[in-house]
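Dear colleague,

Please find below the sequence and the structure that I am handing over to you. My notes on what was found in it follow directly after.

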Amino acid sequence: MSSEKGYDTAILTVERLSKAFGGVKAVNDLSFSVTQNAIHAIIGPNGAGKSTLFNLITGVIAPNEGKIKLFNHDITSLRPDKIAQYGVSRTFQNIRLFPDMTVFETVLIGTYLLTGGKLLPALFRSNEFRKRERQAKDRIKEILQFVGLWDMRNEYAAKLSYGNQRRVEIARALATNPRLLLLDEPTAGMNQKETKELMQLFSQVNQQGITILIIAHDMHLVNTLSNQITVINFGEKLVEGPPEVIQNHPAVVEAYMGRAEANA
Ligand SMILES: Nc1ncnc2c1ncn2[C@@H]1O[C@H](COP(=O)(O)OP(=O)(O)OP(=O)(O)O)[C@@H](O)[C@H]1O
């Protein structure tokens, strides 16, 4: 990969990050970086600390130790809306949609987030407000067409198929114009067709210049989609590298097999 194309530039750097809940070290002295335009996968057995890591990066919780840098800004312990303004957006493991909102309204919330919820009321009824509202609606149309949901824009988001609900979440995340998109097990519970279609969508998102950090259990997805994998176990980095290195790495096989046997 060439640094001339910007691929080698780290956009997210996690330095010696730790977070404990009582006696449980959910994330333990973890360091890694995500390069620009990568599709970077985080894998690890259940309870390895993957979701905690996402919660730390997005500011939902604060670390006990360590630093998180985004484009050389220190974003450690900033509020989630501040971090979103730096260009980080996410989807959740369990789809979170308001039951009484249409697809269009749900994604509109995403653009509203960009203003921190303060700017729009202040500008209400002004020409500037109307201009921004028009721009936001145009942008939502573009995003809904991109994710294939424009025809369903007036349907209640929570009533769509599971695969389409995930698309709504992705559209809402894209509406904040992220530079880094965090996807927490986005294909969990999807059938094969939905998984394949979502993988194509993630590739297309990435081709638009959005770096993706994805938590996934589906090894086929991870190996096909990502170009860098960080494996964590008990909150620590076990190994990292491209899929061809990780696939048969003895430590990875052992971590997964060992946990599978313990759960058997
Ligand atoms: N809010 C919390 N309070 C107490 N313990 C927590 C909390 N959040 C996570 N943990 C613990 O921290 C560890 C890491 O959990 P986390 O959810 O980050 O793992 P994970 O890798 O995302 O797991 P999974 O693949 O099952 O989603 C687990 O032992 C979990 O029980």
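On the scale used here, 20 or more other C-beta atoms within 10 Å of a residue's own make it buried, 12 or fewer make it exposed, and anything in between is partly exposed, with C-beta atoms placed from the backbone. Phe234 sits in the loop between β9 (228-233) and β10 (236-241), and its phi is positive, about 50 degrees, although it is not a glycine. Asn177 is a further such case, being a residue other than glycine with a positive phi near 50 degrees. Asn177 belongs to the loop between α6 (162-174) and β7 (180-184). Asn177 likewise counts as partly exposed, because 16 C-beta neighbours lie inside 10 Å. As background, most residues other than glycine have a negative phi.

Basis and confidence

The model is predicted; local features need pLDDT of at least 70 and side-chain atom pairs count only at pLDDT 80 or more, whereas totals for chains, interfaces and linings use all residues. Residues are numbered from 1 along each chain as its sequence is written. The average pLDDT (the predictor's confidence in each residue, from 0 to 100) is 88 for the protein, and 89% of the residues score at least 70. Over residues 1-6, pLDDT stays under 50, and the model has seven contacts beyond four places in sequence for this stretch. Two residues are in contact here if their C-beta atoms, placed from the backbone, lie within 7 Å. The scores of the model are ipTM 0.97 and pTM 0.89.

Overall organisation

The protein has ten helices and ten strands; these are DSSP runs numbered from the N terminus, helices being H or I with at least four residues and strands E with at least two. Of the 264 residues in the protein, 36% are buried. Where contacts join residues at least 6 apart in sequence, 67% of them link residues at least 24 apart.

The domain assignment gives domain 1 (1-87 + 178-264) and domain 2 (97-177); such bounds come from an automatic or database domain assignment. Twelve residues from domain 1 and twelve residues from domain 2 take part in the contact. On the side of domain 1 that touches domain 2, the elements giving two or more residues are α2 (80-85) and α7 (192-207). Of these, α7 gives the most, with four residues. That side of domain 1 divides into seven nonpolar, two polar and three charged residues. In this classification Ala, Val, Leu, Ile, Met, Phe, Trp, Tyr, Cys and Pro are nonpolar, Asp, Glu, Lys and Arg are charged, and the others, Gly among them, are polar.

The nonpolar core

A nonpolar core is taken as a set of buried Ala, Val, Leu, Ile, Met, Phe, Trp, Tyr and Cys residues joined through C-beta atoms within 7 Å. Which members of the largest nonpolar core touch the most other members? Among its 62 residues, they are Ala171 and Ile212. The largest share of this core, five residues, is supplied by α6, and the core draws at least three residues from each of domain 1 and domain 2. Apart from its neighbours within four places in sequence, Ala171 is in contact with Val107, Ile143, Leu144, Val147 and Leu149.

The ligand and helix α1

The shell around the ligand consists of Phe21, Val24, Ala26, Gly44, Asn46, Gly47, Ala48, Gly49, Lys50, Ser51 and Thr52; a residue is included if its C-beta atom, placed from the backbone, lies within 6 Å of the ligand. The elements that give two or more residues to this shell are β2 (24-35) and α1 (50-57), and α1 gives the most, with three residues. By type, the shell holds four nonpolar, six polar and one charged.

Helix α1 is mostly covered, with seven of its eight residues buried: Lys50, Thr52, Leu53, Phe54, Asn55, Leu56 and Ile57. Ile57 is buried because 23 other C-beta atoms lie within 10 Å. Not counting residues up to four places away in sequence, Ile57 touches Ile68, Val88 and Leu182. Between Ile57 and Phe92, 35 residues apart in sequence, the C-alpha to C-alpha distance is 13 Å. After α1 comes Gly59, with a positive phi near 85 degrees.

With kind regards
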